[in-house]
Amino acid sequence: MILTKEEEGMLEGKFGDGVQKAMNILVSLGEIYGAERMAKVGSAHLPGAGVTSAKDAGISFVEEMYEGGARFKTWTTLNVCAVDFVNWKKIGISEEIVKRQLKLTELFRKMGAAPIHTCTPYFGLTQLRMNEHVAWGDSGALLLANSVFGARTNREGGPSALASAITGRAPVFGLHLEENRYGNFSIEVNTQLNSLADFSALGLCVGELVNKGVPVFTNLSTEISFDELMALTTLPAGGTIALFHILGVTPEARTSESIFSKGKPENEIVIGDKDIAKTFEELNTGNSDPDLIVLGCPHASIQQIIYFSQLLEGKKVNTNTRLWIFTSIAVKSIADKIGCTAIIEKAGALIITDTCPIQLTDDFYENENIHCITTDAASMPHYMAGYHGKLGLKSHFGSAEKCIKAAISGKWEEA
Amino acid sequence: MILKGKKVKEGRAEGEALVCHEDFSFSSADSKTGIVIEKGHAIEGQSLAGKVLVIPTGTGSTGGSYSIYEMAKIGSAPKAILAEKADEITATGAIMGNIPMIHGFDGNPMEAIKTGDRIELDAEEGIVEIKS
């Protein structure tokens with residue numbers, strides 16, 4: 001790799017131990033993947049910012065970096081953590097976890113990040129531009145950074161994103177290079193997509209069929225909304241997908257000739273009613289009344305929150321269940337201001353910030369006696385099965401409207 | 001039989017192979033024990049601890065690097081990782097956890113190696129010897 005004088009200095013320890021460790025990680029990765037140089041990154045988004053993801057080893061690592069003088073050299077945001085700092089007691093998160101998380105968040109804050117944890121840093125925290133080199137983790141966030149904004153990031157893990165945040169650099173390989181950003185699968189969608197849940201199911205289904213690659217949706221409406229684009233963050237729950245294109249919508253996909261590296265796709269997939277129906281079926285394993293209904297995966301946009309509040313206005317969440325709406329504190333402050341929070345809380349639902357169901361502990365679910373996750377996010381059951389495999393949680397999956405109906409009636413209505 | 005690949009993380013190791021034919025997510029394992037707990041997983045119930053893990057590539061949550069690092073610190077991590085192609089998340093975890101790792105083989109490790117095979121490797125040289 002060819003490093004600048006400053007980068008050489010970082011590697012030699014001229015800027016302290018922390019920076020040296022960080023640069024070491026990036027150079028090692030660069031050498032593995034044949035990067036010729038480092039690029040300056042416009043922002044970093046750190047996965048493993050929660051104590052349940054970072055675990056003891058990750059927490060020690062951040063401490064080590066901080067003690068070694070490392071501070072953030074680029075604008076840095078934090079992915080979801082284990083705790084809602086405002087509502088933790090209300091929902092039953094343990095004080096021990098809160099204490100541990102406060103320590104970790106405080107370290108990040110001292111290094112230069114705002115103490116806000118979200119998987120949607122593009123709402124109110126970070127602006128992205130096309131072709132901007134960034135270093136983002138969180139499968140869904142980095143997918144949108146690449147696909148919808150046309151920025152360039154690889155799938156960053158905790159340590160490598162942290163290393164980029166500290167040095168302000170990322171090794172130029174993978175999706176930082178134009179040659180790796182072409183589509184190789186064409187996806188024709190021949191089914192009606194009515195709710196965000198339909199888009200969510202589509203993403204999971206396509207992710208599974210593609211498995212690895214860059215899918216290009218060839219016939220989605222060019223009037224697709226941002227919320228609908230967000231629902232496609234289920235792609236990486238189905239397969240290893242870090243970039244997708246939609247013809248006429250996403251910035252790199254103006255024409256089908258230009259988006260496929262040979263002018264045409266290497267593989268063609270057609271999605272029909274049966275594929276989506278099968279996905280819905282696979283996600284509906286629950287056979288009991290919904291005990292925890294979660295919306296906002298990824299963290300809900302203000303537009304979604306407004307929609308939820310319209311469905312909840314004047315209604316009451318059944319005492320036999322819980323309805324939690326996850327979002328970032330940045331978006332919640334808007335919801336507070338326009339009165340949505342008051343409507344949602346009056347109905348007996350909660351807006352939860354900084355955390356997500358995946359980040360909560362096994363103990364939490366056991367103590368709260370939760371057996372099933374009811375959601376409109378097709379990726380949620382998949383991640384729960386991995387992270388919380390011991391619990392054997394079942395799932396109900398359907399549109400937000402259906403989830404909210406279930407919250408009010410206390411029953412999951414079969415279609 | 002000898003396979004030649006490229007170093008991801010240097011180091012020597014020998015141990016029993018554990019082959020997973022699906023792209024592997026380290027978040028599917030319990031980091032305390034190294035046992036794959038994800039229900040329905042191709043190698044559900046198997047322990048990664050002390051094994052030479054052979055995978056096509058890594059996948060799953062971007063939190064995977066910390067999972068690997070944690071397992072390395074606890075002692076529940078694989079002794080070494082062999083991949084057709086190393087993904088960045090797994091490579092980062094191997095670097096952090098000092099786990100010898102090789103990828104980019106001249107042959108296909110998924111075909112050449114069976115679970116239970118005795119493996120000796122030198123990741124700096126990229127050499128893997130299948131002893132049985």
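User: Why does Ile306(A) count as partly exposed?

Analyst: The relative accessibility of Ile306(A) is 30%, and since buried means under 20% relative accessible area and exposed over 50%, with partly exposed in between (1.4 Å probe, protein chains only), Ile306(A) counts as partly exposed. Ile306(A) sits in helix α13 of chain A, residues 302-312, where helices (H or I, at least four residues) and strands (E, at least two) are DSSP runs numbered from the N terminus. This is a predicted model, in which local features need pLDDT of at least 70 and side-chain atom pairs count only at pLDDT 80 or more, while totals for chains, interfaces and linings use all residues. Residues are numbered from 1 along each chain as its sequence is written, chains are lettered from A and ligands numbered from 1 in the order in which they are written, and side-chain values use heavy atoms, with hydrogens and water left out.

User: What makes helix α6 of chain A mostly covered?

Analyst: Nine of the nine residues in α6(A), which spans 139-147, are buried, among them Leu142(A), Leu143(A) and Asn146(A). The buried residues of α6(A) pack against β2 (43-46), β4 (135-136), α9 (226-231), α10 (235-238) and α17 (380-387) of chain A.

User: Why is Thr59(B) called buried?

Analyst: Thr59(B) has a relative accessible area of 18%, and therefore counts as buried. The residue lies in the loop between β6 (52-55) and α1 of chain B, and beyond four places in sequence Thr59(B) touches residues including Arg155(A), Thr240(A) and Phe24(B), contact being heavy atoms within 4.5 Å.

User: What joins the side chains of Thr59(B) and Thr240(A)?

Analyst: A polar contact of 2.5 Å joins these side chains, the term standing for a pair of N or O atoms within 3.5 Å, where within protein one must be able to donate a hydrogen and the other to accept it, and residues adjacent in sequence count only if both atoms are side-chain atoms. Across the interface of chain B and chain A, 13 residue pairs are in polar contact, both at pLDDT 80 or more.

User: How do Asp23(B) and Lys212(A) meet?

Analyst: Their side chains form a salt bridge with 2.8 Å from N to O, and because a salt bridge is a side-chain nitrogen of Lys or Arg within 4 Å of a carboxyl oxygen of Asp or Glu, the pair of Asp23(B) and Lys212(A) at 2.8 Å qualifies. The rule finds two salt bridges across this interface of chain B and chain A.
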